[in-house]
Amino acid sequence: MNTDIETYLSNWQPQSVESTRSFPAEMYFDDRIYRLEQERIFGRQWLYAGHTSQLTEPGSYLTVEIAEQPLLIVRDLQNHLRGFFNVCTHRGGPVASGCGQSSHFTCLYHAWTFGLEGELKAAPYMQGAAGFDHQDYGLRPIRVETWGPLIFVNFDLQCEPLATQLGNLPEQYTRYNLSALKQVHSEHYEIDVNWKLYVENSSESYHVAMVHPALELFRTVNDLELNICQSTYSEYLPFLPHSDSIKYGFEPGLAIAGLNEKEMQGSEITLLYPNFAIVFSPTFVMARMISPCGVSKTQIRFDWMVPDTPEATAAENVAAVVSLYDRTVKEDLEMLKRVHVGVRSLHYTPGRLSPVLEIGTHHFQQLVMEQICS
Ligand code: FES
Ligand SMILES: [Fe+2]
């Protein structure tokens with residue numbers, strides 16, 4: 001069934017999860033929707049970009065691409081984090097690659113050179129260019145703020161502070177003491193589906209019994225605690241009573257110090273829409289960056305943090321934690337490829353949502369519509 005997407009947008013009204021339908025197919029495939037999302041969602045919201053462990057010294061920098069925007073994040077000589085589009089003001093070349101340490105950035109195309117505050121320092125062979133003033137050609141800045149060691153960026157220089165979008169998350173998760181954890185690993189995934197299918201999948205555990213049978217979640221699905229607040233959605237899941245960690249506790253050095261009883265007996269996933277999810281568990285915290293790179297292509301990066309102890313940072317422990325999730329992620333991605341085909345089919349029609357287990361998916365879809373219709 002084809003939906004006239006213009007009519008859908010102009011008729012859209014907020015609806016409760018009890019009465020709504022999920023998105024029409026065009027929301028996942030129409031280039032105009034993707035362009036609106038880039039401008040009105042990714043162009044205005046705070047986006048997770050990375051971890052400060054890569055930016056410890058003045059002059060350290062990292063590059064990252066989010067929603068097809070190449071970005072450069074730098075620690076300047078005053079120890080402030082700054083961000084720029086990694087797009088040269090000459091003709092769009094990259095001024096930096098990867099990550100590292102430098103006192104300046106020389107564009108890889110024709111060697112214009114920029115300082116750590118984005119100022120154009122040198123532009124060879126430009127003598128004779130009428131009215132050419134170096135001050136007019138600094139790198140285009142973006143906003144950069146942090147939640148502990150987690151770096152967020154915003155392309156809108158007039159945006160509200162990050163704290164507004166985070167709401168009470170820093171307070172709620174204060175005992176995990178993110179700044180004291182060590183970032184030990186990043187894992188990259190790429191999938192040929194629209195970014196919203198991935199975010200929707202991350203916003204519900206309805207699929208878990210079918211897609212991840214090894215997690216044995218369904219026996220406790222009634223114990224899930226679901227919460228919605230502003231741009232966030234969270235699910236707390238207590239461990240099964242017969243799980244090893246409940247019966248025997250954690251090995252010394254593996255658990256995060258200072259957690260309360262509830263935090264020691266379950267894990268929680270929180271999404272901060274549009275591109276960030278974070279999993280809090282007694283033994284690790286995993287931050288997830290979700291980045292659309294085309295209407296039907298999405299990159300995902302998992303950043304793993306564990307307690308800074310010899311036991312937790314040992315290669316075997318890190319590998320064990322990462323591999324457990326790797327399997328789960330691959331199960332999700334395999335299913336999403338098939339869902340993508342289904343949503344594209346001529347006979348797809350938007351379905352109804354579970355008021356019990358899909359309130360996160362509903363909340364996300366409502367936020368997307370509010371933002372692209374604004
Ligand atoms: S594009 Fe950067 S110097 Fe030409
Ligand atoms: Fe899943």
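Two residues are said to be in contact if their C-beta atoms, placed from the backbone, lie within 7 Å. The legends below apply this to a predicted model.

**View 1. Helix H11 and the elements around its buried residues.** Helix H11 covers residues 315-344. The residues of H11 that are buried are Asn317, Val321, Asp332, Leu336 and Val343. These buried residues pack against helix H2 (26-29), strand E11 (181-191) and helix H6 (195-202), and also against helix H7 (208-211), strand E17 (298-307) and helix H10 (310-313).

**View 2. Helix H6, one of the packing partners of H11.** How many of the 8 residues of H6 are buried? The count is 7 of the 8, so H6 is largely enclosed by the rest of the structure. The buried residues are Trp195, Lys196, Leu197, Tyr198, Val199, Glu200 and Ser202.

**View 3. The crossing of helices H3 and H12.** Two packed helices are described by the angle between their axes and the distance between the axes. Helix H3 (residues 31-42) packs with helix H12 (residues 359-372) at an angle of about 90°, and the two axes are 9 Å apart. Angles of 65 to 115 degrees count as roughly perpendicular, and H3 and H12 are therefore described in that way, as roughly perpendicular to each other. On the H3 side the meeting residues are Leu36, Glu37, Arg40 and Ile41, while H12 brings Val368, Gln371 and Ile372. Sorted by class, this contact of H3 with H12 holds 4 nonpolar, 1 polar and 2 charged residues.

**View 4. Where domain 1 touches domain 2.** The protein is divided into domain 1, made of residues 6-43 + 167-372, and domain 2, made of residues 47-158. The centres of the two domains, taken over C-alpha atoms, are separated by 30 Å. Contact between them involves 15 residues of domain 1 and 14 residues of domain 2. On the side of domain 1 that touches domain 2, the elements that give two or more residues are H3 and strand E16 (285-292). The largest share of that side, 4 residues, comes from E16. By class, the side of domain 1 that touches domain 2 has 8 nonpolar, 6 polar and 1 charged residues.

View 5. Most residues other than glycine have a negative phi, and most peptide bonds are trans. The peptide bond from Tyr273 to Pro274, however, is cis, with omega near 15°, and Pro274 has its place in the loop between strand E14 (266-272) and strand E15 (276-280). Tyr125, in the loop between strand E8 (120-122) and strand E9 (141-147), is a residue other than glycine with a positive phi, near 65°. Is Tyr125 buried or exposed? Because Tyr125 has 8 C-beta neighbours inside 10 Å, it counts as exposed. Gln230, in the loop between strand E12 (225-229) and strand E13 (232-238), also has a positive phi, near 45°. With 15 C-beta neighbours inside 10 Å, Gln230 counts as partly exposed.

**View 6. Leu259 and the residues it touches.** Leu259 is placed in the loop between helix H8 (244-248) and helix H9 (261-264), and with 17 C-beta neighbours inside 10 Å it counts as partly exposed. Although Leu259 and Arg175 are 84 residues apart in sequence, their C-alpha atoms are 5.6 Å apart in space. When neighbours within four places in sequence are left aside, Leu259 is in contact with Arg175, Met264 and Pro282.

View 7. Thr113 lies in strand E7 (residues 113-115) and, with 15 C-beta neighbours inside 10 Å, counts as partly exposed. Not counting residues up to four places away in sequence, Thr113 touches His104, Phe105, Thr106, Lys121 and Ala122. By contrast, Val211 is 98 residues from Thr113 along the chain, and the C-alpha atoms of the two are separated by 50 Å. Met210, in helix H7, is exposed, with 10 other C-beta atoms within 10 Å. Met210 and Ser103 are 107 residues apart in sequence and, from C-alpha to C-alpha, 52 Å apart in space.

Key. Residues numbered from 1 in each chain as written. Chains lettered and ligands numbered in written order. Predicted model: local features only at pLDDT ≥ 70, side-chain atom pairs only at ≥ 80, totals over all residues. Axes fitted to C-alpha atoms, helices over the stretch in contact; angles between N-to-C directions. Parallel < 35°, antiparallel > 145°, perpendicular 65-115°, else oblique. Nonpolar A, V, L, I, M, F, W, Y, C, P; charged D, E, K, R; others polar. Domains from an automatic or database assignment. Buried ≥ 20, exposed ≤ 12 C-beta atoms within 10 Å, placed from the backbone. Expected span 1.5 Å × (residues − 1).
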